Amino acid sequence: MCTTCGCGTGEVQIEGHDHHHGHDHSHGHDHSHSHDHEHSDHDHSHEHHQQGQDIHYGTGPAHAHAPGLSQSRMVEIEQNILGKNDEYAKENRRYFTDNAMLALNLVSSPGSGKTTLLTRTINDLKDDLSLSVIEGDQQTTHDADRIRETGVSAVQINTGKGCHLDAHMVGHAMANLNPDKGSVLFVENVGNLVCPSAFDLGEAHKVAILSVTEGEDKPLKYPDMFFAADIMLLNKIDLLPYLEFDVEKCIEYARRVNPDIQVLQVSATTGEGMDTWYQWVQASRQLRLIGRSDILNADKPQQMVSV
Amino acid sequence: MHEMSLCEGILQIIESESKQQQFTEVKQVVLDIGVLSGVEILALEFAFEVVMRGSVAEDATLKINQIEAQAWCMPCSETVVIKQRFDACPLCGSYQLQVSSGDEMKIKELEVN
């Protein structure tokens with residue numbers, strides 16, 4: 001079973017990764033209480049509630065014990081339900097930072113043109129940058145196959161019934177990808193504007209892609225995603241003459257949800273505006289490289305090992 | 001959203017706590033769920049019952065504290081309550097709001113035996 005979501009055992013498939021991971025997190029905490037309870041000889045008609053060897057009556061809901069009443073206790077948990085995912089995300093983030101990598105999490109609804117945009121981006125940038133891709137889909141390796149046609153290494157994660165990628169899956173996919181230091185990793189999430197917003201993968205930025213063939217009010221309909229994203233690519237702008245899509249309104253809606261969001265208008269088909277996106281990728285990557293002379297000196301495009 | 005997945009996460013935490021804190025039955029699970037977390041309460045309640053079946057929390061009741069969303073309005077310099085992320089400030093109508101709470105999604109406490 002994947003860490004935080006209920007994709008179910010055996011549902012997640014990571015290409016090149018066919019062994020099973022038993023999630024066995026054992027904790028070595030010993031909670032022993034050393035209270036000595038002296039009991040006189042009368043018969044207890046109530047249940048004894050034991051913690052290990054010891055009996056504790058002071059931890060009930062009322063922090064007291066009333067004879068004959070069932071003894072239950074409150075356990076303060078204060079744990080984030082997605083805490084496990086966040087731990088894995090932290091590990092991923094540390095890995096990306098150590099290797100001065102720029103990891104981008106591409107999110108959108110299905111059919112926004114994510115894979116087309118990514119394929120074009122790769123073809124235009126692969127001579128300058130070392131790139132790798134993690135593809136998330138419920139089924140099929142179609143997208144990873146499309147990426148691999150560009151010559152860049154890609155790993156497909158099939159989530160089975162899952163609606164999003166989680167940090168644990170990405171961590172395992174990284175082990176298969178073995179990307180270069182200072183490289184750029186694109187994670188193409190499952191086409192879904194809802195769930196992926198809540199799952200941190202350890203990425204530097206979430207990149208939301210919205211196409212003009214969708215409604216301009218999508219940022220308001222799916223606010224969580226546009227709130228979580230740092231940049232929005234408004235794709236398919238070559239189709240604007242044929243559509244009733246109010247670009248200004250769309251951008252205004254996005255800023256209502258997230259005043260900081262940067263918006264770039266692009267067409268992955270004609271290439272219009274794509275240079276602004278490439279500038280953004282390059283600049284974001286440069287930020288990761290500041291102070292990393294160890295990597296800058298070895299910063300040449302290298303042949304990626306294919307998986 | 002993915003209420004089923006969230007319940008799997010809740011169960012995972014409960015099971016690891018049951019080992020650490022040595023309990024064998026959970027009577028009540030108390031959650032803090034913010035109104036901006038995207039969690040559908042009805043779906044969560046349904047999924048909870050299904051997911052907890054056969055576990056230490058099989059008979060547990062679910063109590064959900066819904067946490068209201070607050071935001072800091074810059075023009076007003078005040079904390080205001082909002083219903084959704086894109087709400088305007090109820091006092092001045094500005095969208096210059098910084099959401100400060102409401103996306104909570106955590107297990108607060110368990111009542112256990």
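Of the 307 residues in chain A, 50% are buried (under 20% relative accessible area with a 1.4 Å probe, protein chains only; exposed means over 50%, and partly exposed in between). The model is predicted, with local features requiring pLDDT of at least 70 and side-chain atom pairs pLDDT 80 or more, while totals for chains, interfaces and linings use all residues. Residues are numbered from 1 along each chain as its sequence is written, chains are lettered from A in the order in which they are written, and side-chain values use heavy atoms, without hydrogens and water.

Chain A contains 9 helices and 11 strands (DSSP runs of H or I, at least four residues, and of E, at least two, numbered from the N terminus). Its accessible surface is about 14,700 Å², 46% of it from carbon and sulfur atoms (Shrake-Rupley method, 1.4 Å probe).

A:Asn192 lies in the loop that links strand E8 (184-188) to strand E9 (205-211) and is buried, at 14% relative accessible area. Beyond its neighbours within four places in sequence, A:Asn192 is in contact with A:Ser108, A:Ser109, A:Pro110, A:Cys163 and A:Met225 (heavy atoms within 4.5 Å). A polar atom of the A:Asn192 side chain is 3.3 Å from the backbone nitrogen of A:Cys195.

In chain B, helix H2 (residues 41-52) includes B:Val50, which is partly exposed with a relative accessible area of 31%.

Conventions. A polar contact is a pair of N or O atoms within 3.5 Å; within protein, one must be able to donate a hydrogen and the other to accept it, and residues adjacent in sequence count only if both atoms are side-chain atoms.
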